[in-house]
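Work through the following exercises with the sequence and the model side by side, and try each task before reading its solution.

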Amino acid sequence: MVATLPPKPETYGRAPGWPPDDGGNRDNGGGFDKPSPPPSAYRLGMGLALVSIFMLFVAFTSAYVIRQGQGQDWQPINLPVVLWLTTALLLLSSVTLERARQRLRHGDELMCNRWLTATTLLGLGFLIGQFVAWRQLAADGIYINTNPHSSFFYMLTAAHGLHLAGGLVGLGYITVKMWRQSYQLALAAGLWTHPKKELAIDLMSLYWHFMDGLWVYLFVLLFAWT
C-alpha cells in the first residue's frame, strides 16, 4: 500500500521567514491556521488605553485648577523659549506620520519608511528639547518644589514625556521592522503586501496624534490659561 503525502505548501515569491500574505492569520513555520484578533480588537484596545490616559490628565487638570484658586503662593513660571521649538517638532511629527500612512496606502514603502524615520527623529528631538527646558529652569533656580505652578509644570511635562517615550519606543520598533522587511523584500525581488503594516501604523497614528493634541492642551493650560 502506497502512502500519499500531502502537497507541499506553495512558497513561490515569498522571502524566507516572512509571514504568509493572508493578513497574518497563520504562523510562520507551522502552517496551521492560528486565529488572530481582528483589527477592530486592536483599535478597541488602543481606544481604551487612550481613554485611560485621558482620564489621568483630566484628574491632573482638576487638581491644577483647584490648586491655582487657593492661596497667594501661585506664581506662574516664565515659558522656556525652547518649548516653542519642541511644540513645533511634535506638530511636524504628526504631519510626517500622516505622510507615512499615505505613502503606504499607495504602495510606496520606501517613502513610507523615510517618513517614519523622520517622525521618530522628530519625536526624539521633542524629548531632548523637553529635557533642555528642564535644565534651563533649573539653571534659573526653578525646581519642582519652588512653587505650586513649577510643581505642576514638572509633573505634567514628565507624565506627558513618559507616555510619549512609550509611543516613541513603539514607533522606533515599527520603523526598524519596516526597514528590515523592505531590505528582505529587495533581496527576494517579490511583491508583498501585509495588512499588519497598515494596522500597526494606523494604531501608532492614533496614539501619536493623541499625544500631540495632549501636549498642545498642556501647553495652553500651563502658559495661556488663567
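This is a predicted model: local features need pLDDT of at least 70, side-chain atom pairs count only at pLDDT 80 or more; totals for chains, interfaces and linings use all residues.

Residues are numbered from 1 along each chain as its sequence is written, and side-chain values use heavy atoms, with hydrogens and water left out.

**Exercise 1. The fold**

Determine which secondary structure elements the protein chain contains, and compare the span of H1 with the expected one.

Step 1. Helices (H or I, at least four residues) and strands (E, at least two) are taken as DSSP runs numbered from the N terminus; the assignment gives five helices and zero strands, in the order α-α-α-α-α.

Step 2. The expected span of a helix is 1.5 Å times one less than its number of residues.

Step 3. With buried defined as under 20% relative accessible area, exposed as over 50% and partly exposed as in between (1.4 Å probe, protein chains only), buried residues make up 38% of the 226 residues in the chain. The buried residues of H1 include Met46, Leu50, Phe57 and Gln68.

**Exercise 2. A salt-bridge network**

Which residues are linked with Arg101 in a network of salt bridges?

Step 1. A salt bridge is a side-chain nitrogen of Lys or Arg within 4 Å of a carboxyl oxygen of Asp or Glu, and the count by this rule is six.

Step 2. Arg101 forms one with Glu98, the closest N and O atoms being 2.9 Å apart; because these residues are three apart in helix H2, about one helical turn separates them. Arg101 is buried at 16% relative accessible area, whereas Glu98, at 24%, is partly exposed.

Step 3. Arg101 also meets Asp202 at 3.0 Å, N to O, a pair that joins helix H2 to helix H5 across 101 residues of sequence.

Step 4. Arg43 and Asp202 meet at 3.4 Å, N to O, which links helix H1 with helix H5 over 159 residues. The network therefore consists of Arg43, Glu98, Arg101 and Asp202.

**Exercise 3. Two aromatic pairs**

Classify the geometry of the pairs Trp74 with Phe152 and Phe126 with Trp215.

Step 1. Rings of Phe, Tyr and Trp (its six-membered ring) pair if their centres lie within 6.5 Å; planes under 30 degrees apart count as stacked, over 60 as edge-to-face and the rest as tilted. Eleven such pairs occur.

Step 2. Trp74 and Phe152 lie 6.0 Å apart, centre to centre, with 45° between the planes, and form a tilted pair. Since Trp74 sits in the loop between helix H1 and helix H2 and Phe152 in helix H4, the pair ties together parts that are 78 residues apart in sequence.

Step 3. For Phe126 and Trp215 the centres are 5.5 Å apart and the planes are at 75°, so this pair is edge-to-face; the rings come from helix H3 and helix H5, 89 residues apart. Phe126 and Trp215 are both buried.
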